[in-house]
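Student: Can we go through the aromatic rings in this one? I have not looked at it before.
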Amino acid sequence: MARRLRFRGTDSKNGGCPAVHEDLDSGEIIVQGPPLTDPEDIDQLKHFGPHDAAVAVPRELLVNHGPKEVDRVPRLIGLEEFGRLFHHFEHSAWHLETRRGYASDREDEGYARFLETGEALMDIDSEWCRNIRRQTAAGKYVGRVRVVDRPPTDGQRFLLSYARCNAATGEDVRNLWRDEADRAQLPGEDFWLFDSRLVAILRFDDADVFQDVEVITEPAAVLRYCQIRDAAVHTSVPYDEFTARLESQG
């Protein structure tokens, strides 16, 4: 079975090697770079086995993108502190949504109506929408990319319809197919990125129930999420264009 590898980063300026990847299951770090082939160089290596390979990488690659500790202790925050982030960010708040459904959506009183009519109710005067309108009116950027399966789940179709409400607050709402997200090496986790300096990972149980929020501020880790955002925005399309394409496919 193939490994599940996550790209951690590169210092290359032209898209080539070297780079660092992480095995999501074993935690092993995979380093790629130009191979060391000179026999005199290889003879100097200790414990170099017949099936081993050696690569040469810049020191900065490991400093910037290698793991900083073996077991990182998650920093968890409560819902109240998480909610304050949406009122006090300085210039940008961006969200990646990857789940196939959310328990909170299914509990919404408008969800059953959506299943009947195919159209989600807009609540533009909710506390959430009023705050996001204030933030975008102040010139701040708020955006999200939603990953969608082929065919979309009911929960994803609900959010595609509700995107009209998100966009009405000034959000940049975009979508992409899951296979495209996989090709772009996007992670299968939901998170908010605030001001390109703080990551809030939303953690759910197997029933799609929201559990808690893990905060990451370590610069190298935050940079990786910034790169994920850039890849997601580049690969995705505006929600209305995505919806039009979906409807045209029947």
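Predicted model: local features only at pLDDT ≥ 70, side-chain atom pairs only at ≥ 80, totals over all residues.

Student: Where do phenylalanine 82 and phenylalanine 86 lie?
Tutor: Both are in helix H3, which covers residues 79–88. They are 4 residues apart, about one turn of the helix.

Student: Buried or exposed, phenylalanine 82? And why?
Tutor: Phenylalanine 82 counts as buried because its relative accessibility is 10%, and the cut-off for buried is under 20%. Phenylalanine 86 has 5% relative accessibility, so it counts as buried too.

Student: What about phenylalanine 204 and phenylalanine 210?
Tutor: Those two form a tilted aromatic pair, 5.6 Å centre to centre with 50 degrees between the planes. Phenylalanine 210 has a relative accessible area of 30%, so it is partly exposed.

Student: Back to Phe82. Which residues form one aromatic cluster with it?
Tutor: The cluster is made up of Phe82, Phe86, Phe89, Trp128, Trp192 and Phe194.

Student: New topic, charges. What sits over the ring of phenylalanine 89?
Tutor: That is the charged end of lysine 140, 5.0 Å from the ring centre. Phenylalanine 89 is also one of the cluster members.

Student: And which charged end sits over tyrosine 225?
Tutor: The one from arginine 224, at 4.5 Å from the centre of the tyrosine 225 ring.

Technical notes
Residues numbered from 1 in each chain as written. Heavy atoms only, no water. Helix = DSSP H or I, 4+ residues; strand = E, 2+ residues; numbered from the N terminus. Buried < 20%, exposed > 50% of the residue type's maximum accessible area, 1.4 Å probe, protein only. Phe/Tyr/Trp six-rings, centres within 6.5 Å; stacked < 30°, edge-to-face > 60°. Lys NZ or Arg CZ within 6 Å of the ring centre and 35° of its normal.
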